[in-house]
Amino acid sequence: TASWVLLRHLALSYPEHHLTVADFHYLPPPPGRSVNSPVVQSQAHGRTHDWNGDYFAVGPGEADILFATHFESLEFLHAVAKGEAPAQGS
């Protein structure tokens with residue numbers, strides 16, 4: 001994945017680096033039974049419209065598409081990329 005490529009590049013290029021990441025850790029539940037699907041929202045006239053994850057329903061640039069980040073998995077990948085043992089519980 002792109003996350004792995006980035007983390008591996010950081011580990012190889014900057015072996016003593018520290019990584020701080022901030023993102024959405026929680027977003028409203030996706031529609032139906034989907035897992036980790038995006039939240040698609042747009043705003044107009046002071047109101048927010050939820051598109052139920054259907055990013056094909058809106059034109060380009062007309063909505064925000066948000067993805068939750070599973071930080072525990074990212075932490076695990078980061079440790080592996082650096083050649084370290086993953087933290088307990090990861």
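Colleague: How many salt bridges does a search of the whole structure find?

Modeller: Side chains of opposite charge can pair when their charged atoms come close. The cut-off here is a side-chain nitrogen of Lys or Arg within 4 Å of a carboxyl oxygen of Asp or Glu. With that rule, the search of the whole structure turns up 1 salt bridge. Keep in mind that this is a predicted model, where local features need pLDDT of at least 70, side-chain atom pairs count only at pLDDT 80 or more, and totals for chains, interfaces and linings use all residues. Residues are numbered from 1 along each chain as its sequence is written, and side-chain values use heavy atoms, with hydrogens and water left out.

Colleague: Which residue forms the salt bridge with E84?

Modeller: K82, and the closest N and O atoms are 3.5 Å apart. E84 is partly exposed, at a relative accessible area of 43%, and K82 is partly exposed too, at 23%. Partly exposed lies between buried (under 20% relative accessible area) and exposed (over 50%), using a 1.4 Å probe and protein chains only. By that scale, 19% of the 90 residues of the chain are buried.

Colleague: In what order do the elements of the chain run?

Modeller: Helices (H or I, at least four residues) and strands (E, at least two) are DSSP runs, numbered from the N terminus. This chain has 2 helices and 3 strands, in the order α-β-β-β-α from the N terminus on.

Colleague: Which strands does β1 join, and how do they run?

Modeller: Pairing takes at least two DSSP bridges between two strands. β1 (residues 39-44) runs antiparallel to β2 (residues 47-50), with 4 bridges joining them. Q43 has T48 in β2 as its bridge partner. β1 and β2 make a hairpin with 2 residues between them, and H45 in that turn has a positive phi of about 55°. β1 is also antiparallel to β3 (residues 64-66), through 3 bridges; there, V40 stands opposite I65.

Colleague: Where is confidence lowest, and where is it highest?

Modeller: pLDDT is the predictor's confidence in each residue, from 0 to 100. In this chain, β3 is lowest with a mean of 79, while β2 is highest at 87. The chain averages 79, and 80% of the residues score at least 70.

Colleague: Where is Y55 found, and is Y55 buried or partly exposed?

Modeller: Y55 sits in the loop between β2 and β3. Y55 is partly exposed, with a relative accessible area of 41%.
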